[in-house]
Amino acid sequence: MEFKIRAIKTEKQYRLYLNRVNRLMDSDPDPRSARGELLQTLVILIEDYESNLGYDFPVPNNPLLVIENRMEELGLKQKDLIPAMGDKSTVSRVLRGKEI
């Protein structure tokens, strides 16, 4: 099936582009390849569509806020981070901003 790139005008098209971006990201294409350029183009179109709809996804510039937001989204507690960070004291230091 040929994939024609056009400005996003419908929710259905938006979802189609999101799915395509997810598949492309999973394959991790070289940014200079045709697939990498397609990924970049689709992301630009998606961001434009979201912006025009008033979607606001501010990117926090504080890594601690990113961690805290993600923990809240996933319903995680400090103890849930131990396998990824090593031990309880490391997790505590990171979440207090001492290890960032």
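This is a predicted model: local features need pLDDT of at least 70, side-chain atom pairs count only at pLDDT 80 or more; totals for chains, interfaces and linings use all residues.
Colleague: Where is Ala 7, anyway?

Modeller: Ala 7 is in the segment before α1. Its relative accessible area is 44%, so Ala 7 is partly exposed. Leaving aside residues up to four places away in sequence, Ala 7 touches Gln 13 and Leu 45.

Colleague: What about Gly 97, which element does it follow?

Modeller: Gly 97 follows α5, and its phi is positive, near 85 degrees. There's also Gly 75 after α3, with a positive phi near 70 degrees.

Colleague: OK, insides next. How much of the chain is buried?

Modeller: Buried residues are 23% of the 100 residues in the chain.

Colleague: Which residues make up the largest nonpolar core?

Modeller: That core has 12 residues, including Phe 3, Ile 8, Tyr 14, Tyr 17, Val 21 and Leu 24. Leu 38, Leu 39, Leu 42, Leu 45, Ile 46 and Tyr 49 also belong to it. Both α1 (11-27) and α2 (34-52) supply at least two residues of this core.

Colleague: Which helix gives the largest share?

Modeller: That's α2, with 6 residues.

Colleague: Pick Leu 24 for me. What does it touch?

Modeller: Not counting residues up to four places away in sequence, Leu 24 touches Pro 29, Arg 35, Leu 38, Leu 39 and Leu 42.

Colleague: Let's look at α5. Which of its residues are buried?

Modeller: In α5, which covers residues 88-95, the buried ones are Thr 90, Val 91, Val 94 and Leu 95. Looking down the axis of α5, these fall within an arc of 125 degrees, so they line one face of the helix.

Colleague: What covers them?

Modeller: The cover over the buried residues of α5 includes α3 and α4 (82-85).

Colleague: How many residues does α3 have, and how far does it reach?

Modeller: Helix α3 runs over residues 63-74, which is 12 residues. From first C-alpha to last it reaches 17 Å, close to the 16 Å expected at 1.5 Å a residue.

Colleague: Switching to charges. How many salt bridges are there?

Modeller: The count comes to 3 salt bridges. As background, side chains of opposite charge can pair when their charged atoms come close.

Colleague: Which residue does Arg 15 pair with?

Modeller: Arg 15 pairs with Glu 11, and their closest N and O atoms are 2.9 Å apart. The two are 4 residues apart in helix α1, so about one helical turn separates them.

Colleague: What does Arg 70 meet in a salt bridge?

Modeller: The side chain of Arg 70 meets that of Glu 73, at 2.8 Å from N to O. Both lie in helix α3, 3 residues apart, about one turn of the helix. Arg 70 is partly exposed, with a relative accessible area of 45%, while Glu 73 is exposed at 58%.

Colleague: And which residue forms a salt bridge with Arg 32?

Modeller: Asp 30, with the closest N and O atoms 3.0 Å apart. Arg 32 counts as exposed at 70% relative accessibility, whereas Asp 30 counts as partly exposed at 36%.

Colleague: Last one. Among contacts between residues at least 6 apart in sequence, how many join residues at least 24 apart?

Modeller: In the chain, 41% of those contacts do.

How values were computed: Residues are numbered from 1 along each chain as its sequence is written. Side-chain values use heavy atoms; hydrogens and water are left out. A nonpolar core is a set of buried Ala, Val, Leu, Ile, Met, Phe, Trp, Tyr and Cys residues joined through side-chain atoms within 4.5 Å. Buried means under 20% relative accessible area, exposed over 50%, partly exposed in between (1.4 Å probe, protein chains only). Contact means heavy atoms within 4.5 Å. The expected span of a helix is 1.5 Å times one less than its number of residues. The arc is that of the directions from the helix axis to the C-beta atoms. A salt bridge is a side-chain nitrogen of Lys or Arg within 4 Å of a carboxyl oxygen of Asp or Glu.
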